Amino acid sequence: MTTCWIIYNGSLTSEKFVDQANLMAEAAESYGITAHVLKNTDIPVTLYKPLEEKPDFAIFYDKDILLGHFLKQQGIPVFNDPEVIETCDNKAKQYIALANARVPMPKTIVAPKIYPKFTIRHTGYYEQVIAQLGLPMIIKEAHGSFGMKVYLIENEEQFFKKVESLSGVDFVFQEYIASSFGRDLRVNVVGGEVVAAMYRHSETDFRANITNGGVASKIELTDAQKRVALQAAKAVGAEYAGVDLLFGTDEEPIVCEVNAAAHIRNIFNVTGVNVGHKLVEYILRKLEL
């Protein structure tokens with residue numbers, strides 16, 4: 001009998017994380033797969049002995065990269081691959097990959113490494129960033145989810161206060177796409193195919209995330225939007241991805257970011273498409289199970 005593990009983070013106690021894992025498990029079980037929903041803490045990374053029981057594959061809804069690598073080394077196919085999750089979890093690393101593949105995205109500058117309690121305030125570096133990107137601009141911490149740790153910087157006072165507070169933190173400076181204020185697209189990609197999409201908008205926030213109060217509706221994508229979403233997923237190596245697209249000045253698609261462990265409940269509620277089914281079908285085809 002085919003078995004799989006659905007893994008989420010045990011320290012996240014919100015019901016939505018358990019719901020996400022259970023929705024994926026239901027999808028797997030609809031194909032006759034025995035699915036086990038596990039916290040990352042349920043799987044000890046014991047380097048001195050192999051795992052006693054192994055699934056045929058694991059769907060990894062966590063960012064415990066070290067556990068992901070351990071499972072992969074144990075011979076377990078992991079979706080997404082931990083290398084992909086690591087790339088997407090670090091926005092700076094992700095944007096480097098997107099830029100290398102010439103994916104349309106906002107002008108981005110990766111902030112230099114600055115050690116905690118130190119500063120480069122008087123070197124002229126920050127003034128060059130402002131001159132290149134202008135104000136307002138976006139500052140994003142490298143690690144953050146659900147639109148958190150993303151800041152709209154409107155003036156120099158806010159700029160210098162924020163960069164000083166981020167000493168010791170990886171982050172990026174990014175062009176502000178004013179034409180996409182409070183609206184974006186979430187596009188789910190599985191195995192090089194667009195399987196679901198929704199339009200998100202907010203009347204009160206520059207971010208459209210549902211977690212931050214945004215509202216979603218079903219949408220038919222243009223060919224250009226589909227093409228850019230697929231290009232972005234491929235650039236980071238994601239077999240499964242939630243690609244967020246912004247609207248350029250002429251409504252052209254611009255990649256905001258790629259999520260390698262995108263939640264599927266909201267897009268299921270909006271579109272009726274359970275992306276989990278698409279992912280399980282893809283895995284079964286790839287592994288010939």
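In the protein chain, 65% of the contacts with a separation of 6 or more join residues 24 or more positions apart; contact here means heavy atoms within 4.5 Å. The model is predicted, so local features need pLDDT of at least 70 and side-chain atom pairs count only at pLDDT 80 or more, while totals for chains, interfaces and linings use all residues. Residues are numbered from 1 along each chain as its sequence is written, and side-chain values use heavy atoms, with hydrogens and water left out.

The protein chain holds nine helices and 13 strands, where helices (H or I, at least four residues) and strands (E, at least two) are DSSP runs numbered from the N terminus. Its radius of gyration is 20 Å, close to the 19 Å given by the globule rule for 289 residues, so the chain is as compact as a globular protein of that length. That radius is taken over C-alpha atoms, and the rule is 2.2 Å times the number of residues to the power 0.38. Along the principal axes, the C-alpha atoms fill a box of roughly 60 × 50 × 35 Å.

Of the 289 residues, 49% count as buried. Buried means under 20% relative accessible area, exposed over 50%, and partly exposed in between (1.4 Å probe, protein chains only). In soluble globular proteins, nonpolar side chains tend to be buried together. The largest nonpolar core has 39 residues, and W5, L71, V243, V255 and V258 have the most contacts inside it. Such a core is a set of buried Ala, Val, Leu, Ile, Met, Phe, Trp, Tyr and Cys residues joined through side-chain atoms within 4.5 Å. Helix 7 (residues 223–236) supplies the largest share of this core, five residues. A second, separate core of 31 residues includes M24, A25, I59 and A261.

Leaving aside neighbours within four places in sequence, W5 is in contact with residues including H36, L38, I43, L51, F57, I59, L71 and I76.

F159 lies in helix 6 (residues 156–165) and is buried, with a relative accessible area of 0%. Not counting residues up to four places away in sequence, F159 touches Y126, V129, I130, M137, I139, I153 and F173. The C-alpha atoms of F159 and Y48, 111 residues apart along the chain, are separated by 48 Å. D223, in helix 7, is exposed, with a relative accessible area of 61%.
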